[in-house]
Amino acid sequence: MKNLFFVLLITLSLPIFSQSTIIKCGNLIDGKSNQPLGKKAIVVEGKLIKEIIDWDKIPASATVIDLSTKTVMPGLIDCHTHVLLQGDITSEEYDAQLLKESIPYRTLRASVACKIALMNGFTTIRDVETEGAMYADVDLKKAINNGVISGPRMYVATRAINTYGHYGIGNGEYSWELHMPKGIQEVNGADEARKAVREQISYGADWIKIYADRSYYKKSDGGFGSIPNFTQEEITAVADETIKSRKMLAAHAMTPDGILYALKAGARTIEHGTALNEECMDLFVSKGAFWVPTLTVLDYVAEERAKLGSTSYLEMFQGVKPQFKKALQKGVKIAFGTDAGGFDWQKIPQAREFSFYVNYGMTPMQTIQSATTVAADLLDKRGQLGEISKGAFADIIAVDGDPLQKIEVMEKVVFVMKDGKIEKQ
Ligand SMILES: [Zn+2]
């Protein structure tokens with residue numbers, strides 16, 4: 001007891017920085033400010049950021065991580081990934097993963113994808129469906145949270161929902177005698193749709209993902225059309241059950257036919273949204289919804305799919321640049337999302353997406369905000385994620401060079417801290 005009292009006395013008498021780590025930043029971008037903050041130091045205590053101080057306030061005795069030659073930023077957030085997918089330009093590549101690989105094998109591959117994401121500087125991902133791997137994303141999230149494997153903090157959508165016969169593996173693609181596995185949970189009617197939402201949430205879904213439209217084509221007026229997958233009753237049931245359960249709805253939608261009814265039903269995010277028009281943009285703004293453009297994957301698949309005879313992706317992709325600019329001007333909230341997994345995790349860095357956004361009209365700072373504060377807002381985690389500020393999680397990365405001058409430096413993250421723990425140095 002006497003010893004305990006002695007330890008307590010010593011602990012109480014130590015200066016405030018004694019149990020902290022201090023990160024000395026060459027230039028700090030905090031995710032919130034429109035200008036970099038220059039030479040600063042971040043005081044990290046446990047999992048959290050305690051405060052931001054000037055260099056001259058760093059005590060001589062402090063434990064210092066020296067990033068004084070680097071640009072330091074909040075850990076990045078990718079709002080659209082599939083860790084359980086390893087690239088699928090063609091349906092053959094997709095089918096092979098569902099038919100030839102067991103879910104345990106796919107989960108092992110996914111654990112590598114999780115590690116890649118973290119090493120890329122993405123300390124948080126929203127993984128928007130397992131593509132037939134059931135609830136393996138919930139297991140991956142659990143393994144990461146328990147320290148079994150290293151990876152980003154995950155928000156998961158589990159199986160995703162579509163209506164019967166409208167998602168791969170297509171019934172007509174193999175012998176009709178075979179019962180093919182599906183990349184999503186199929187539903188018919190409002191009751192089944194509601195049941196699927198309840199089921200997925202009960203198994204650990206943080207988000208509900210739907211596929212709102214399919215079968216894309218160019219219309220005579222130059223716009224794009226599609227077939228909405230859900231009846232009004234079905235999509236209303238999905239959205240109602242999701243929102244009532246305090247979860248959020250993500251909708252894959254490429255054209256106005258899909259985007260408009262998904263937003264009206266209550267989708268918080270539109271995934272891809274490539275052929276959006278001004279009516280969609282206005283609805284995004286009035287609903288406060290987010291557009292997750294995933295340009296890296298479109299660039300990756302569009303040319304190849306066109307060569308194989310499916311030109312609609314390429315046509316939509318070619319038209320998205322002016323729409324992106326217009327959406328930006330109108331104040332649509334654009335959140336960073338890549339669709340990694342739709343392209344090979346090993347081949348393309350997720351940070352390639354930054355260059356597209358710059359080429360399409362964002363300032364480099366806006367692109368960084370799209371992957372930090374805007375993405376945190378999408379996740380409803382402002383103040384906790386995507387910013388360097390007092391009380392936020394100590395998710396911190398660094399790059400060599402200045403991303404505001406050369407955005408490509410985001411593709412080479414040299415330091416990663418997540419939850420106050422160094423993951424890469
Ligand atoms: Zn996707």
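The model is predicted, so please read it as a computed picture. The protein is divided into domain 1, covering 14-74 + 388-424, and domain 2, covering 76-378. Let's look at how these pieces are built and where they touch.

**Two domains and their meeting place**

- The C-alpha centres of domain 1 and domain 2 lie 31 Å apart.
- Where they meet, 19 residues of domain 1 are in contact with 21 residues of domain 2.
- On the side of domain 1 that touches domain 2, the elements giving two or more residues are strand E4 (63-74), E18 and E19.
- E18 provides the largest share of that side, with three residues.

**A three-stranded parallel sheet**

- Here is a handy reminder: strands of a sheet pair through backbone hydrogen bonds, in either a parallel or an antiparallel way.
- In this model, three strands form an open sheet in the order E5-E6-E7, and their pairing is parallel.
- Strand E5 (76-81) and strand E7 (153-156) each have a single partner strand, so they stand at the edges with one side left without a neighbour in the sheet.
- From one strand to the next, the twist averages 15°.
- Four bridges link E5 with strand E6 (residues 122-127) in the parallel sense.
- To find a bridge yourself, look for Thr81, whose bridge partner in E6 is Asp127.

**Helices lying across the sheet**

- Helix H3 (residues 103-119) lies across E5 and E6, and runs at about 130° to E6.
- Helix H4 (residues 136-145) lies across E6 and E7, and runs at about 160° to E7.

**A close look at Lys141**

- You can find Lys141 in helix H4.
- Is Lys141 buried or exposed? Lys141 counts as buried because it has 23 C-beta neighbours inside 10 Å, and the cut-off for buried is 20 or more.
- Leaving aside neighbours within four places in sequence, Lys141 is in contact with Met154 and Val156.
- Gly151 is ten residues from Lys141 along the chain, and the C-alpha atoms of the two are separated by 8.4 Å.

- Strand E17 (residues 396-400) and strand E18 (residues 413-418) run antiparallel and are joined by four bridges.
- Within that pairing, Ala398 has Phe415 in E18 as its bridge partner.
- E18 also pairs with strand E19 (residues 421-424), again in the antiparallel sense, over three bridges.
- Lys418 stands opposite Lys421 in E19.
- The hairpin of E18 and E19 has two residues between the strands, and in this hairpin Asp419 takes a positive phi near 55°.

**Helix H9, with a kink**

- What span should helix H9 (residues 295-307) have? At 1.5 Å a residue, its 13 residues should span 18 Å, and its end C-alpha atoms are 19 Å apart, which agrees.
- H9 has a kink of about 30°, centred on Val301.
- The buried residues of H9 are Leu295, Thr296, Val297, Leu298, Tyr300, Val301 and Ala302.
- Helix H10 (312-330) and helix H11 (352-359) are included in what covers those buried residues.
- Just after H9 comes Gly309, which takes a positive phi of about 105°.

Notes: Residues numbered from 1 in each chain as written. Predicted model: local features only at pLDDT ≥ 70, side-chain atom pairs only at ≥ 80, totals over all residues. Pairing = 2+ DSSP bridges. Axes fitted to C-alpha atoms, helices over the stretch in contact; angles between N-to-C directions. Contact = placed C-beta atoms within 7 Å. Expected span 1.5 Å × (residues − 1). Bend = angle between axes of the 7 residues up to and from the residue. Buried ≥ 20, exposed ≤ 12 C-beta atoms within 10 Å, placed from the backbone. Domains from an automatic or database assignment.
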